[in-house]
Number of protein chains: 2
Amino acid sequence: MTETFTDWLRQRSEPDWTAVVTHPFTQGLFDGLVPVTSMRSYLVQDYQFVDDFLALLGSALAKADRYSSRLAIAGSIAVVTSEENTYFQRAFDALGVGEADRVRPKLDEATVAFRELISDTNARGSYAEVLTVLTVAEWTYLEWAMRAPAALPENFVHAEWITLHNNPDFQSWVRWLCRELDRVGADLDERDRARCLRLFQHATRCELDFFNTHSP
Amino acid sequence: MTETFTDWLRQRSEPDWTAVVTHPFTQGLFDGLVPVTSMRSYLVQDYQFVDDFLALLGSALAKADRYSSRLAIAGSIAVVTSEENTYFQRAFDALGVGEADRVRPKLDEATVAFRELISDTNARGSYAEVLTVLTVAEWTYLEWAMRAPAALPENFVHAEWITLHNNPDFQSWVRWLCRELDRVGADLDERDRARCLRLFQHATRCELDFFNTHSP
């Protein structure tokens, strides 16, 4: 049993990786106990990634090395622009988020740092590097959400944020992302693997800083 | 009434533009009279653009300067990977196209030239340049298809190729593309406008060469 590229990346991103996927904020979500102010600031800031993230998916679509990969990425683009977008609007309504905070909130330091990483990878990253950032963003979210108990919190703002990230379609997408990064990573030389590792570690740290910022 | 950027581009791409949108091949489509061998070679070669074109849409998604533009582009990506893809498979079945010619046909010179233009624009083009190539590809097709008579040919291979390119959703998408290129073009300097014009003229010529190659 040989180690896959994604396992290699994840193991070398500890202890941050485990800190993200077992973060107290996520336990608060499972229990429905994240205070409204924390949930509001978390979602307001997170929504500011939707545009960069969609652009990064476009970059993956543009840079992929084969048609079958493009079809898988296109499928994920369709999800980001449908289900996920409506969740944010409904959650903002429920949390009483005003127009200014939906459209152009003051950005936290952790948000700015992560957005810079994403937009830099979009503009200059190789396909492997784009996949690396996408994989950290999606895989960490799958891993914490898969730890959710069967009984979901009653508040849809909490419950749906969990099910958006552990439903079967999302599981398939993350499995595909990992397999794709394994496939592409197998052909990289040492230097390019090291670049992906630095990116993976950096992105994982960004996720951790983001959760830390919004924990009560 | 001032001239829009897209009108300026189109007028400076004559007489090729009119030659494309009134091409005898398209008249043959309207009459259902394109010989099977021509229709087969045309669609086999055209299908080879689907992958590059999807990648170019990804490049537009990655490079767009605002979220609302990304949503419009994402909508078009969904169409390319659904309705249009099934048409090709059904048409290939009807025309008796074998597996090799669906997956890896010998490419015509006109196909190679156009694919190079598209992939070069994907890799190195600005948002305005990506929009320019997309606009030529979609606007020429809308213009010839809008000339179709109300009575469509009986054969779905002909009829659906027309309705894929003149249905209301496609009309909206092309109108959006033109408006978007007008918006982005308004902020370009002389040099960048000239680069877009060269690309527009080159892409229009590629379309003409492509139709010429497959005309009986």
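**Entry 1: helix α10 of chain B**

I looked up what the buried residues of α10(B) pack against, and found α3 (24-30), α4, α6 (83-95) and α9 (127-145) of chain B. I took contact to mean heavy atoms within 4.5 Å. Helices are DSSP runs (H or I, at least four residues), and strands are runs of E of at least two, numbered from the N terminus. The buried residues of α10 (residues 156-163) of chain B are V157(B), H158(B), A159(B), W161(B) and I162(B). I used buried for under 20% relative accessible area, exposed for over 50%, and partly exposed for values in between (1.4 Å probe, protein chains only). An α-helix has 3.6 residues a turn, so residues three or four places apart point the same way. At the N-terminal end of α10(B) I noted a cap by N155(B), with a side-chain oxygen 2.9 Å from the backbone nitrogen of V157(B).

**Entry 2: basis of the values**

The model is predicted: I kept local features only at pLDDT of at least 70 and side-chain atom pairs only at pLDDT 80 or more, while totals for chains, interfaces and linings use all residues. Residues are numbered from 1 along each chain as its sequence is written, chains are lettered from A and ligands numbered from 1 in the order in which they are written, and side-chain values use heavy atoms, with hydrogens and water left out.

**Entry 3: relation of the two chains**

Which rotation superposes chain A on chain B? I found a rotation of 180° with 0.0 Å of shift along its axis, at an RMSD of 0.0 Å. This is the relation of a two-fold axis. In chain A, the C-alpha of G58(A) is the nearest to the axis, at 2.1 Å. As for the surface used, 100% of the contact residues of chain A recur in chain B. The superposition is by least squares on the C-alpha atoms of residues with pLDDT of at least 70 in both copies.

**Entry 4: the interface**

I recorded 18 residues of chain A in contact with 18 residues of chain B. The two chains bury about 1,500 Å² between them, 67% of it on carbon and sulfur atoms. Buried area here is the accessible area (1.4 Å probe) that two parts lose on being put together, summed over both.

Between chain A and chain B I counted two salt bridges, a salt bridge being a side-chain nitrogen of Lys or Arg within 4 Å of a carboxyl oxygen of Asp or Glu. D51(A) forms a salt bridge with R70(B), with the closest N and O atoms 2.5 Å apart. On the side of chain A that touches chain B, α4 (36-63) and α5 (67-80) of chain A each supply at least two residues. The most comes from α4(A), with nine residues.

**Entry 5: salt bridges within the chains**

Over all chains the count is 28 salt bridges.

I then examined R10(A), which pairs with E143(A) at 3.2 Å between the closest N and O atoms. R10(A) is in helix α1 (residues 5-11) and E143(A) in helix α9 (residues 127-146) of chain A, 133 residues apart. E143(A) is partly exposed, at 23% relative accessible area.

In chain B, R66(B) and E180(B) meet in a salt bridge of 3.9 Å, N to O. R66(B) lies in the loop between α4 (36-63) and α5 (67-80) and E180(B) in helix α11 (residues 168-185), so the pair ties together parts of chain B that are 114 residues apart in sequence. R66(B) is partly exposed at 36% relative accessibility, whereas E180(B) is buried at 2%. In chain A, salt bridges that share partners join D65(A), R66(A), E180(A) and R183(A) into one network.

R191(A) and D192(A) also form a salt bridge, the closest N and O atoms being 3.9 Å apart. R191(A) is exposed at 57% relative accessible area, and D192(A) is partly exposed at 26%.

**Entry 6: an annotated residue**

The unreviewed UniProt entry carries the annotation "active site" at E207(A). UniProt positions are given in the numbering used here, feature names are shortened, and annotations may be inferred rather than shown by experiment. Is E207(A) buried or exposed? I found E207(A) buried, at 4% relative accessibility, in helix α12 (residues 190-214) of chain A. Leaving aside neighbours within four places in sequence, E207(A) is in contact with V20(A), F114(A), V136(A), A137(A), T140(A) and Y141(A).

Technical notes:
Polar contact = N/O pair within 3.5 Å; in protein donor to acceptor, adjacent residues only side chain to side chain.
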